[in-house]
Amino acid sequence: MLNGFININKDLGITSNDVVFKVKRILFPIFGKVKIGHTGTLDPLATGVLPIALGEATKTIQFQMDGKKTYIFNITFGSSTTTDDKEGEIIDTSSHIPTKEEIEKILPSFSGAIEQTPPKYSAIKINGKRAYTLARDGKDFEIQPRPNFIHDLKLLSQISDTEFQFTVTANKGFYVRSIGRDIATALGSCGHISYLHRTQNGKFTINDSISLDKLEKIMQNTNKSLDVRNCIGDFLYPVSYGLNDILVLDISKEQNEKLRNGIALSSSLFNNLRDNTLYQVHYNQTLQAIVKNINNKLKIIRIFNL
């Protein structure tokens, strides 16, 4: 069984689901079918870090998606679009192009806790339907603002008379297209995202990533008799990779047997556990489960077969 993560450097012009399909096409002939999923959608316009979960690692996706994400992005001022990026149709223009000094002055107001309205062309559900479907059908609808937190936002450089490059680190659920639109509006202009590159997703970084082309070349030069680590090398990360925000509890063989038989362990067996808190449970240096301490019992949230 193939378990773990491959940190893909997504190419321009393909969807996250396209990446999953291509990874299946590359790996299945060598290792057989295995469950595969991605840990956070990237638009076709976007490139960069897209961790792909394999096998038992798919059970950790909900926890992996909670990590901070870092992007490099460009705003082109002077025109706004239906999608808030360069893929959409222009719906408004402005002759005012802000200066570097004006931009830097306003950025602190977008740091820390913010309210952000996602783009209408997004996967958010409105009355059971995806917002992008309603938008494509010409339906009139509103998306309510939602809270997020920006840890870092900087202007990096001026690319041209109208285009500027930024970097941002924010929590899950953050929309770069929205921040581009909102920065432009606050500066008395309009704008859209013309470049988007994710450099970090939780613990996964662009320096640790591999392109689909390179992964395919590695697989073409291997066979089923080789060990998985020899096939994929340093690009296969363990199932527990990226769960560093969840504290580890080491358990005994007897405790592990009880856990696997569905018997909740008492939190009194461990020191200073916090109530209503997630923990990783390890036995013999291997992830066994993710549990939650509820009323002094370690309730199983996910069990792993590694």
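The exercises below concern a predicted model.

**Exercise 1.** How do helices α1 and α6 pack, and which residues make the contact?

Solution. 
- Two packed helices are described by the angle between their axes and the distance between the axes.
- Helix α1 covers residues 16-31 and helix α6 covers residues 212-220; their angle is about 10° and their axes are 10 Å apart.
- Angles under 35 degrees count as roughly parallel, so α1 is roughly parallel to α6.
- On the α1 side, the contact is made by Val19, Lys22, Val23, Arg25, Ile26, Leu27, Ile30 and Phe31.
- On the α6 side, Leu212, Leu215, Glu216 and Met219 take part.
- By class, the contact residues divide into nine nonpolar, no polar and three charged.

**Exercise 2.** Describe the largest pocket and its lining.

Solution. 
- The space in the largest pocket is about 1,100 Å³.
- Its lining has 35 residues, and those nearest the centre are Thr41, Leu42, Asp43, Ala123 and Arg177.
- Two or more lining residues come from each of α1, β4 (69-77), α4 (131-136), α5 (176-186) and β12 (191-201).
- The lining divides into 14 nonpolar, 11 polar and 10 charged residues.

**Exercise 3.** Where is isoleucine 301, and which residues does isoleucine 301 touch?

Solution. 
- Isoleucine 301 belongs to strand β19, residues 297-303.
- Leaving out residues up to four places away in sequence, isoleucine 301 touches Phe63, Leu278, Ile290, Val291 and Lys292.
- From threonine 82, isoleucine 301 is 219 residues away in sequence and 41 Å away in space, C-alpha to C-alpha.

**Exercise 4.** What are the phi values of asparagine 276 and asparagine 284, and are these residues buried or exposed?

Solution. 
- Most residues other than glycine have a negative phi.
- Asparagine 276, in the loop between β16 (265-266) and β17 (277-283), has a positive phi of about 60°.
- Asparagine 284, in the loop between β17 and β18 (286-294), has a positive phi near 55°.
- Exposed means over 50% relative accessible area.
- Asparagine 276 has 52%, so it is exposed.
- Asparagine 284 has 63%, so it too is exposed.

Notes:
Residues numbered from 1 in each chain as written. Predicted model: local features only at pLDDT ≥ 70, side-chain atom pairs only at ≥ 80, totals over all residues. Heavy atoms only, no water. Axes fitted to C-alpha atoms, helices over the stretch in contact; angles between N-to-C directions. Helix = DSSP H or I, 4+ residues; strand = E, 2+ residues; numbered from the N terminus. Parallel < 35°, antiparallel > 145°, perpendicular 65-115°, else oblique. Contact = heavy atoms within 4.5 Å. Nonpolar A, V, L, I, M, F, W, Y, C, P; charged D, E, K, R; others polar. 1 Å grid on protein atoms, 1.4 Å probe; cavity = no way out; pocket = protein on both sides within 12 Å on 5 of 7 lines; lining within 4 Å. Points joined across faces, edges and corners; volume = space filled by probe spheres on them. Buried < 20%, exposed > 50% of the residue type's maximum accessible area, 1.4 Å probe, protein only.
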